[in-house]
Amino acid sequence: MVVDDEPDLADLVASYLKRDGFDVTVVGDGAEAVETARAVDPDVLVLDLGLPGLDGVEVCRRVREFSDAYVVMLTARSDEVDTLIGLSVGADDYMTKPFSPRELSARIQARIRRPRAGLGGPATRTVPREVRVFGDLTIDVAAREVSVADEVVHLTRTEFDVLAVLSADPGVVVTRSALIDAVWRTGWNGADHLVDVHIGHLRRKLGDDASDPRFVITVRGVGYRMGDGA
């Protein structure tokens, strides 16, 4: 889904995505975007921040109640506050206008057409199901399911991928740049704080206290590693 109230820009983005093999639905209004997302269940949502009616932040918040679509937020404002507002409601990525539709399409393809972080490729599908346990945190990698104390935790695609990378090699510190390469793929040219925002979301959903974390440990000046859950 492409959601933008500038018809020419929306049609241009849609034409690039269609050329690259995507089925595209174009919507120009925030309220309509929420209802259309319910109906078509998109894999990717390209979402303008400055929409009439419901703005992009509110659209993303509502869509996140029922969808784990990969959300790319488009904004005409480049300051970090707007970017962080968009990311705080579950956006996975962002681009600042003006941008290259070709780059947007390439970024989307790199994100959704490669094996998910920590899952491996087709050759690993016959291996026994991998379940990672850290105290009362359980990560079922193949099913992409996470629970804490037997309560299911609903993560977005990106949040799960970050957790999958961190938990793949417990005890090893993963730098922000390594997380970006693994989750957002190489070629990302945005700010490293994207990682910190998603780590914050992850901790909140896991009930992990940032001042005394059990699951996601900050290694200052380096990156993050998994804790043992104790």
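Predicted model: local features only at pLDDT ≥ 70, side-chain atom pairs only at ≥ 80, totals over all residues.
Me: Why do the buried residues of helix 1 count as being on the same side?
Reply: The residues in question are L9, A10, V13, A14, Y16 and L17. Seen around the axis, they take up only a limited arc, and that puts them on the same side of helix 1. The arc is 160°.

Me: What covers the buried residues of helix 1?
Reply: Those residues, with V13 and L17 among them, are buried in helix 1. The cover includes two strands and another helix: strand 1 (2-3), strand 2 (26-27) and helix 5.

Me: How far apart are the end C-alpha atoms of helix 1?
Reply: Helix 1 has 13 residues, and at 1.5 Å a residue it should span 18 Å. The model agrees with that, because its end C-alpha atoms are apart by 18 Å.

Me: Which residue with a positive phi follows helix 1?
Reply: Past the end of helix 1 there is a residue whose phi is near 100°. That residue is G21.

Me: What span should helix 5 have, and what is the distance between its end C-alpha atoms?
Reply: Helix 5 runs over residues 101-112, which is 12 residues. At 1.5 Å a residue, helix 5 should span 16 Å. The distance in the model agrees with this, with the end C-alpha atoms apart by 17 Å.

Me: Which parts of the chain does the salt bridge between K97 and D4 tie together?
Reply: The side chains of K97 and D4 meet at 3.2 Å, N to O, and both K97 and D4 are buried. The two are 93 residues apart in sequence, so the pair ties together the loop between strand 5 and helix 5 and the loop between strand 1 and helix 1.

Me: Is K97 buried or exposed, and what is its relative accessible area?
Reply: The cut-off for buried is under 20% relative accessible area. K97 falls under that cut-off, so K97 counts as buried, at 16%.

Me: How does E6 count by its relative accessibility?
Reply: E6 forms a salt bridge with K97, with the closest N and O atoms 3.1 Å apart. Between the cut-offs of 20% and 50%, a residue is partly exposed. E6 has a relative accessibility of 39%, so E6 counts as partly exposed.

Me: In the salt bridge between D196 and R176, what is the N to O distance?
Reply: D196 lies in helix 8 and R176 in helix 7, so the pair ties together parts 20 residues apart in sequence. D196 is partly exposed, with a relative accessible area of 29%. The N to O distance is 2.9 Å.

Me: Which residues do salt bridges with shared partners join into one network?
Reply: A search of the whole structure finds 15 salt bridges. Among them are K97 with D4 and K97 with E6. The network that shared partners make is D4, E6, D48 and K97.

Me: Which residues touch the most other members of the largest nonpolar core?
Reply: In soluble globular proteins, nonpolar side chains tend to be buried together. Here the largest nonpolar core has 28 residues. The ones touching the most other members are L137, V146, L166 and L206.

Me: Which residues does L206 touch, not counting those up to four places away in sequence?
Reply: L206 belongs to the largest nonpolar core. Leaving out residues up to four places away in sequence, L206 touches L137, V146, V148, V153, L163 and F215.

Me: Is S147 buried or exposed?
Reply: S147 has its place in strand 8. S147 touches D136, L137, T138, V152 and V153, not counting residues up to four places away in sequence. At 14% relative accessibility, S147 counts as buried.

Conventions
Residues numbered from 1 in each chain as written. Heavy atoms only, no water. Helix = DSSP H or I, 4+ residues; strand = E, 2+ residues; numbered from the N terminus. Expected span 1.5 Å × (residues − 1). Buried < 20%, exposed > 50% of the residue type's maximum accessible area, 1.4 Å probe, protein only. Arc of directions from axis to C-beta. Contact = heavy atoms within 4.5 Å. Core = buried A, V, L, I, M, F, W, Y, C linked by side-chain atoms within 4.5 Å. Salt bridge = Lys/Arg side-chain N within 4 Å of Asp/Glu carboxyl O.
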